[in-house]
Amino acid sequence: WRDLEGAPYSTLVPSDEVTINYRHGLPVITLTLPTRSERCRFTVKPVVTTVGTFLQDVQREDKGIERAEVFATDGSKISGATLMEVLLMNDFKLVINNTAYSVSPPVRDKLSSEHATEMEDIRSLVHRLFVALHLEDHQIRKERELLQKLDHLKEELLPLEQMKARIMESADAKTSRLLWVGLALMSTQGGALAWLTWWVYSWDIMEPVTYFITYGSAMAFYAYFVLTKQDYIYPDAKDRQFLHYFYRKSKNQHFNVERYNKLKDDLAEAEESLRRLRQPLHLRLPIQEISDKD
């Protein structure tokens, strides 16, 4: 039997000379060292160890090994950069010096079923160790960073909050004055119509006047709806006028409303992050578990 390069193998050994078993979820490859004539076990990490690293370990264990290679069942050579996890998915040939060993790895599906409970215990142990050694320190550092960020945002917001309070107070005063002016005008109009009806003219003359005044008011309310796309409701009209005064005053005093809103959003986001971070600190749970429960 020859490899792809045509080099003959003096011996083709059955698969029982090289065995693969799994211990604690890791494959253990057992083979006979040619020079020392003794069985040796090699534990590999499938997702880390490559074929080249495994062969180097074999040669390091037995200095008399001059040639160590791995071939697929069709005779093609397996690259040394191939992960052991990929190699152990199919049968292969392990060549040591001039001896070829036929290797048949166990079926992974059956293996997973047999060691599922043991692997789950290992994952749980690793998770608890990670939480005990790393996660709490990381959360404390993150909490410190968020607290510093909150202090910085509050410092930036303080002068803006003071300016906003002054602008709101001024806008609210103007809006209140406007409402009182409207009440005074309505009272004056009512008194004028009463004086013209009873002392100057009669109701027969004033009735058409009051009709057109009412019709004109209806037209004014309809025009308000056309311009604002809102019904003329007193609380809504008051809020709209308040915002008009507020933005006009903000522009005059160079109050950046967009920057203020951005800082408020950042502050709310930082406070929410701090709340979520402190919760697992008290419960001794990782953030991922808190997110799953939410």
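Start by selecting Arg67, Glu69 and Lys77: these residues are linked in a network of salt bridges (a salt bridge here is a side-chain nitrogen of Lys or Arg within 4 Å of a carboxyl oxygen of Asp or Glu). Zoom in on the arginine 67 and glutamate 69 side chains, which meet at 2.6 Å, N to O. Glutamate 69 is buried, with a relative accessible area of 14% (buried means under 20% relative accessible area, exposed over 50%, partly exposed in between, with a 1.4 Å probe and protein chains only).

A word on what you have loaded: this is a predicted model, where local features need pLDDT of at least 70 and side-chain atom pairs count only at pLDDT 80 or more, while totals for chains, interfaces and linings use all residues. Residues are numbered from 1 along each chain as its sequence is written, and side-chain values use heavy atoms, with hydrogens and water left out.

Next, pick arginine 60 and aspartate 57. They form a salt bridge, with the closest N and O atoms 2.7 Å apart. Both sit in helix H1, three residues apart, about one turn of the helix (helices are DSSP runs of H or I, at least four residues, and strands are E runs of at least two, numbered from the N terminus). Aspartate 57 counts as partly exposed, at 29% relative accessibility.

Now jump to glutamate 161 and lysine 264, another salt bridge, whose closest N and O atoms are 3.4 Å apart. Glutamate 161 belongs to helix H4 (residues 116–200) and lysine 264 to helix H7 (residues 257–283), so this pair ties together parts that are 103 residues apart in sequence. Glutamate 161 is partly exposed at 28%, and lysine 264 is partly exposed too, at 33% relative accessibility. Searching the whole structure turns up seven salt bridges.

Select Leu31, Phe54, Phe92 and Leu94: they have the most contacts inside the largest nonpolar core, a set of 24 residues (a nonpolar core is a set of buried Ala, Val, Leu, Ile, Met, Phe, Trp, Tyr and Cys residues joined through side-chain atoms within 4.5 Å). Elements giving two or more residues to this core include strand E3 (26–33), helix H1 (51–61) and strand E6 (92–96). H1 provides the largest share, four residues.

Stay on phenylalanine 92 and show its surroundings. Leaving aside neighbours within four places in sequence, phenylalanine 92 is in contact with residues including Ile20, Val70, Leu87, Tyr101 and Pro105 (contact means heavy atoms within 4.5 Å). Then move to a second, separate core of 19 residues, with Leu146, Met163, Phe242 and Phe246 among them.

Now colour residues 178–197 and 209–227, which an unreviewed UniProt entry lists as "transmembrane region"; such annotations may be inferred rather than shown by experiment. The span 178–197 is 100% helix and 0% strand, with end C-alpha atoms 29 Å apart. For 209–227 the make-up is 100% helix and 0% strand, and the end C-alpha atoms lie 27 Å apart.

Select helix H5 (residues 203–228). Its 26 residues should span 38 Å at 1.5 Å a residue, and its end C-alpha atoms are 37 Å apart, which agrees (the expected span is 1.5 Å times one less than the number of residues). Within H5, Met206, Thr210, Tyr224 and Thr228 are buried. Just after H5, check lysine 229, with its positive phi of about 60 degrees.

Finally, zoom out: the protein has eight helices and seven strands, and buried residues make up 29% of its 294 residues.
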